[in-house]
Amino acid sequence: MLTRRTILGALAALPLAPRAFAQARLSYDLVAKPLADGIWMVEGATDHFSMQNGGAIVNITLIKGDSGLILIDTGSSRRYGEALVTLARSLDIRGISTVVNTHHHPDHFFGNQVFAGTPILALGETRQAALAEGEGFADNMYRILGDWMRGTEVVPPTDVIAGGDIRLDGRDFLALPLGGHTAADLALLDRRTGTLIAGDLVFHNRAPTTPSADLPRWIASLDALDAQKPALILPGHGPADPTGAAITQTRDYLRWLDTALRDGAQSGLDMVELMDTPLPERFATMGAQPQEYQRSVTHLFPGIELEELPRGN
Ligand SMILES: [Zn+2]
C-alpha cells in the first residue's frame, strides 16, 4: 500500500526535484558535552519540533561501556540516528554497543532504525506503546518536519528490561521503572557517578509535555527520583542539573498545572478562557511557553472537567 510517507519519499527521490535538491543539505549539528566520568549529553533545543530545529529538541546520553558506548534515546529521525552514529565514533571508535529507549515518544526513539543488530532495550509497556502509537506519531512528525524525516521508519525497542540492578555493557545501573509522563518511563542511575538519566520524567527550564500524562503518578515518580539523591540529573529536555532543582521545578509545575485546571473547572471556565489565563512568572519563562501550557489544557482539561463536575442525583 502506498502510504503518504512512501509517496513523499518517492517524490523526494526524484533526481531533478528542486525541493529535494534544496533540502538535501539538511543536517544535524550534534555536540557531545562531557558531564561526568564517561558520560556525555547531547543537549536539544528547548522549543517545539520545527523545520528550523529539525526535531532536535531532545537530550541524548552517551555512556562509556566495556565494548563501546551505551546510547540512551535515539532522537527524532533516521537522519538524527545517523548523526548520533557519527558523533559516537568520534568519542569511541568502536561506536555504540547498546541502545536504551526511556519511553515511546517519537523524539526519543525514532532514530532506532539505524541501530538494527544492536539490542534496543526498554520497559515492556514502552515497547507495546511504541507498537501501538508509533505510526500515528510518525504521521504527525512527517507533517511537522517534512524532509527532515525522510526515510524514517518506526522501529520499536527489541528487548524488554525490568527494574532493579542491571549491567549494561559492563557498567552498573539502577533501573527505575516509573511512569506518569507516559504509561512507562524508565530512569537509569549510573552507579559509578551517581548520574540520573531521567528521560522525560524531568524537564528543566522547559515546559513539561503532557500528551500521555497522568499527573499524580508523575509527581509520585519525581518523589522516587528525588529519593535517590542523584549527584547529577540529565533531564529529557533542558540543561543538566547538579542541584536537584530540575526535579523540584518539574514537580512544582505539575502540581500547579493540576490545581489550575481543577480550579478552572470548578469555577466554570471553558477551555479557551483557561488557555488565556496568564502563567505565573516562574513558569512563563520556561522554554515552549505558553504554547505547552495551552497544549496541556487541551490534553488534560476534558478529563479533569469530568472529574470536577458536581455529581448529579
Ligand atoms: Zn516524552
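This report covers the zinc site, aromatic pairs, helix packing and some backbone features of a predicted model.

## Zinc site

Four residues coordinate the zinc ion: His103 through NE2, His105 through ND1, His181 through NE2 and Asp200 through OD. The distances run from 2.1 to 2.2 Å. In sequence, the donor residues follow the spacing H-x1-H-x75-H-x18-D.

Where do histidine 103 and histidine 181 lie? Histidine 103 is in the loop between strand S5 (96-100) and helix H4 (106-109). Histidine 181 is in the loop between strand S9 (171-178) and strand S10 (185-190). The pair therefore ties together parts that are 78 residues apart in sequence.

Both of these histidines are buried. Histidine 103 has a relative accessible area of 1%. For histidine 181 the value is 0%.

What is the arrangement of the four donor atoms around the zinc ion? The angles they subtend span 88 to 166 degrees, so the arrangement is irregular. A tetrahedral label would need all angles to lie between 85 and 135 degrees. For reference, the ideal angle for four tetrahedral donors is 109.5 degrees.

## Aromatic pairs

How many aromatic pairs does a search of the whole structure find? The search finds eight. Two of them are described here.

The rings of tyrosine 28 and tyrosine 80 have centres 5.0 Å apart. Their planes meet at 65 degrees, so the pair is edge-to-face. This pair links distant parts of the chain, 52 residues apart. Tyrosine 28 sits in the loop between helix H2 (18-23) and strand S1 (33-36). Tyrosine 80 belongs to helix H3 (residues 78-91). Tyrosine 28 counts as buried at 11% relative accessibility. Tyrosine 80 is buried too, with a relative accessible area of 1%.

The rings of tryptophan 256 and tyrosine 293 form a tilted pair, because their planes are at 45 degrees, with centres 5.6 Å apart. Here too the pair links distant parts of the chain: tryptophan 256 is in helix H7 (residues 245-266) and tyrosine 293 in helix H10 (residues 291-308), 37 residues apart. Tryptophan 256 counts as buried at 18% relative accessibility, as the cut-off is under 20%. Tyrosine 293 is buried, with a relative accessible area of 1%.

Ring pairs link Tyr253, Trp256, Phe283 and Tyr293.

## Helix packing

Two packed helices are described by the angle between their axes and the distance between the axes.

| Helices | Angle | Axis distance |
|---|---|---|
| H6 (residues 215-227) and H7 | about 160 degrees | 10 Å |
| H7 and H10 | roughly 55 degrees | within 9 Å |

The angle of about 160 degrees between H6 and H7 makes H6 roughly antiparallel to H7. The crossing of H6 past H7 is left-handed.

H7 and H10 cross at roughly 55 degrees, which makes H7 oblique to H10. H7 passes H10 in a right-handed crossing.

## Backbone features

Which peptide bond is cis? The bond from glutamine 289 to proline 290 is cis, with omega near 0 degrees. Proline 290 lies in the loop between helix H9 (281-284) and H10.

For aspartate 73, phi is near 75 degrees, a positive value in a residue other than glycine. The residue lies in the loop between strand S4 (69-72) and H3. Aspartate 73 is buried, at a relative accessible area of 2%.

Aspartate 169 is not a glycine either, yet its phi is positive at about 45 degrees. Its place is the loop between strand S8 (164-168) and S9. Aspartate 169 counts as buried at 17% relative accessibility.

## Threonine 195

Is threonine 195 buried or exposed? At 0% relative accessibility, threonine 195 counts as buried. This residue is found in strand S11 (residues 195-203). Threonine 195 is 80 residues from phenylalanine 115 in sequence. In space, the two are 25 Å apart, C-alpha to C-alpha.

Terms used:
Residues numbered from 1 in each chain as written. Predicted model: local features only at pLDDT ≥ 70, side-chain atom pairs only at ≥ 80, totals over all residues. Heavy atoms only, no water. Donors = N, O, S within 2.8 Å, 3.2 Å for Na, K, Ca; no water. Tetrahedral: all angles 85-135°; square planar, octahedral: opposite > 155°, others 65-115°. Helix = DSSP H or I, 4+ residues; strand = E, 2+ residues; numbered from the N terminus. Buried < 20%, exposed > 50% of the residue type's maximum accessible area, 1.4 Å probe, protein only. Phe/Tyr/Trp six-rings, centres within 6.5 Å; stacked < 30°, edge-to-face > 60°. Axes fitted to C-alpha atoms, helices over the stretch in contact; angles between N-to-C directions. Parallel < 35°, antiparallel > 145°, perpendicular 65-115°, else oblique. Left-handed = near helix turned anticlockwise from the far one by under 90°.
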